[in-house]
Amino acid sequence: MSYSNSDRPLVEIRSLVKHFRLRGGWLTGRRIVLHAVDGVDLTIMPGESFGLVGESGCGKTTLGRCILRLVRPTSGQVIFDGTDLSELTRREMRHLRRQMQIVFQNPFSSLSPRFRIFDIIAEPLRTHKVLPKLPRHLLYDRVVELLEQVGLGRQHLDRYPHELSGGQCQRVAIARALSLDPRLLILDEPTSALDVSVQAQILNLLVRLRHELQLTYLFISHNLSVVEHISDRIGVMYLGKLVEIGPTETVFREPLHPYTRALLQSVPLPIPGARKEAIPLHGNVPSPANPPSGCRFHTRCRLATDICRTDEPPLQEIAPGHLVACHLVGN
Amino acid sequence: MGDVMDATVEEGELKTVPRGHQIIRVIGRDPLSIFAVVIIAIFVLVAAFGPWMAPYPEQGFGRSNTDETFQPPSPTHILGTDYLGRDVLSRIIIGTRAALQAPIIVVVLAVAIGAPLGAIAGYMGGWIDELIMRVTDLFLAFPFLLLAMAIVAALGPSLNNAMIALAISWWPWYTRLVRGVTLSLREYYFVEAARAIGVPDIVIIFKHILPNCISPIMVQATIDMGTVILAMGSLAFLGMSTRPPKPDWGLMVAEGRTVILRQWWVSTFPGLAIFITVLAFNLLGDTLRDIFDPRQYR
């Protein structure tokens, strides 16, 4: 564990695919396969904060769950710090879970309603027997330390989740995720269920914690402003595929994929008239059960040509660190 | 987003009310729950102190008194006497203990078998779910009283065997109930969070799933108390449970049924005792759900 090469990616995702089989009509016998994640390659370096954006239903949450093995990928590999997760036994995987944790979208449903705050945060420590032969006061001290780290205090120890506000619940969920000193934290829309002022508090808390604890973030969100605030690099996902990856600043200044541009257009800007040419999105996201041929975005793309309807564009490096999957870019 | 935003969230201290007061408050909100609690408290007291409360305890336990058969209700025998001259009130009082004990044991057994199986079926899914649920279907395919009777017939009639038989035919209801609740609980993030932490499945089932099933189980169990009292009565009525001369409400109804038109009190009063207890337990079901839900304490 102590050895960690900074050149080695912390997470490496290789052609990850997750299909969900849905039960079709019993009489027709048709199988419906939902293409939630359809061939994603991604590397996240230690200490990095990677933002994953996309509309709801594009597979970004499933991608996060595949990394944690909360769902088993259909194919492809997730390599965590040099270890291929698919080759691990249950016990080895359980052990590795100490190094990667997740914070969910809904703070109320992510805490068991019958546990007191103390037990919620102590549970990971007890499960992994982190403090060997642990005297109770050590556990107590550690839980209080974690609570204070996320801006709560010992007065919250004996509360039940329903006695806390949404923001406080989310702080408890963060404290629980931090209790095992993880290296990777997957944040699955951690602020989208909160109101705006609380969102800002939680985001600032996350920024602070990342620097204090040298964490690596995978920040999943549909809110571009939030992602811009917290990420070093971002990836844009559309219908189970990454369409653009690049440093946050570059992508926001110079978005190349038509979808990314359209997404950025939708962000309200504080400066009137600051927009470049508008490429409005029309129509809805096609069903992931029946994704379009060729480029998945062609049904909604104004610039689509014949090749977009037949050939799937590969993810190509246009500038150093800036990857785009579009036929119209780079040629 | 300035530094101000990052300040610790402060909020008013919650008033902590002792749990006992909270429970009393929940009960006091509804006159029907007061009624249920009072009735059940009376029956529990009678069950505990019956031998000292009954006017003729030895008749209650079964000694016959052939000089006074079929006396109508009167100041000496408030609820009359039966075909062996035994005081009906005393027999009801002495029979209370068995009448309350047996259903509690039956329901506790049924929950102990049924609830974990339901949680396992709902949480694990797949062939385990399929297997457990098909077995419960097998049990539920029989009318429960018929199944219980068959089991008693195989084991031999006695109070203990009747309880075992009822528990065996009752647990599948709890399996179904808990499985249903588990299916919805499984989608909650706290279950996924526990998996992400690496909590073993069996611990998730017993620490995260089952405690959150307590409210529906309690409601179902309390309402079932009434049904089991009735079922125990039915088995006794059919001579498949308590044997005479021991007092049993269901047995007493059975003993009086041939003379119900002339000596109506022999069957009516034990029947009323069954009726009131069943009603009280049904009403208590709703109250208990409120008590067991921590969200009620605001």
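The model is predicted, so local features need pLDDT of at least 70 and side-chain atom pairs count only at pLDDT 80 or more, while totals for chains, interfaces and linings use all residues. Residues are numbered from 1 along each chain as its sequence is written, chains are lettered from A and ligands numbered from 1 in the order in which they are written, and side-chain values use heavy atoms, with hydrogens and water left out.

Q: Why is α6(B) called oblique to α10(B)?
A: Helix α6 (residues 144-155) and helix α10 (residues 214-237) of chain B pack at about 50°, with axes 11 Å apart. Angles under 35 degrees count as roughly parallel, over 145 as roughly antiparallel, 65 to 115 as roughly perpendicular and the rest as oblique. The angle of about 50° therefore makes α6(B) oblique to α10(B). The axes are lines fitted to C-alpha atoms, for helices over the stretch in contact, and angles run from 0 to 180 degrees between N-to-C directions. Helices themselves are DSSP runs (H or I, at least four residues), numbered from the N terminus.

Q: What makes the contact between α6(B) and α10(B), and which classes does it hold?
A: B:F144, B:L145, B:A148, B:M149 and B:V152 of α6(B) meet B:A231, B:S234 and B:L235 of α10(B), where contact means heavy atoms within 4.5 Å. The tally is seven nonpolar, one polar and no charged residues. Here Ala, Val, Leu, Ile, Met, Phe, Trp, Tyr, Cys and Pro count as nonpolar, Asp, Glu, Lys and Arg as charged, and the others, Gly among them, as polar.

Q: Why are α3(A) and α4(A) described as they are, given their angle of about 110°?
A: Helix α3 (residues 117-127) and helix α4 (residues 136-149) of chain A pack at about 110°, with their axes 10 Å apart. That angle makes them roughly perpendicular to each other. Their crossing is right-handed, meaning that the near helix is turned clockwise from the far one by less than a right angle. The residues in contact include A:I117, A:F118 and A:I121 of α3(A) and A:L139, A:Y140 and A:V143 of α4(A). By class, this contact has 10 nonpolar, no polar and three charged residues.

Q: What makes a space a cavity, and how many of 30 Å³ or more are there?
A: On a 1 Å grid over the protein atoms alone, a cavity is a set of points where a 1.4 Å probe fits but cannot get out, a pocket is an open set with protein on both sides within 12 Å along at least five of seven lines, and lining residues have an atom within 4 Å of a point. The count comes to two cavities of 30 Å³ or more.

Q: What is known about the largest cavity's volume and lining?
A: It holds about 110 Å³, a volume being the space filled by probe spheres set on grid points, which are joined across faces, edges and corners. α4(B) gives the most to its lining, with five residues. The lining has nine nonpolar, three polar and one charged residues.

Q: Which residues line the second largest cavity?
A: Among them are A:H257, A:C295, A:C301 and A:C326. The volume of this cavity is about 40 Å³.

Q: Which residues lie nearest the centre of the largest pocket?
A: They are A:R69, A:L70, A:V71, B:Y123 and B:R195, from a lining of 27 residues. About 980 Å³ of space lies in this pocket.

Definitions and conventions: Helices (H or I, at least four residues) and strands (E, at least two) are DSSP runs, numbered from the N terminus.
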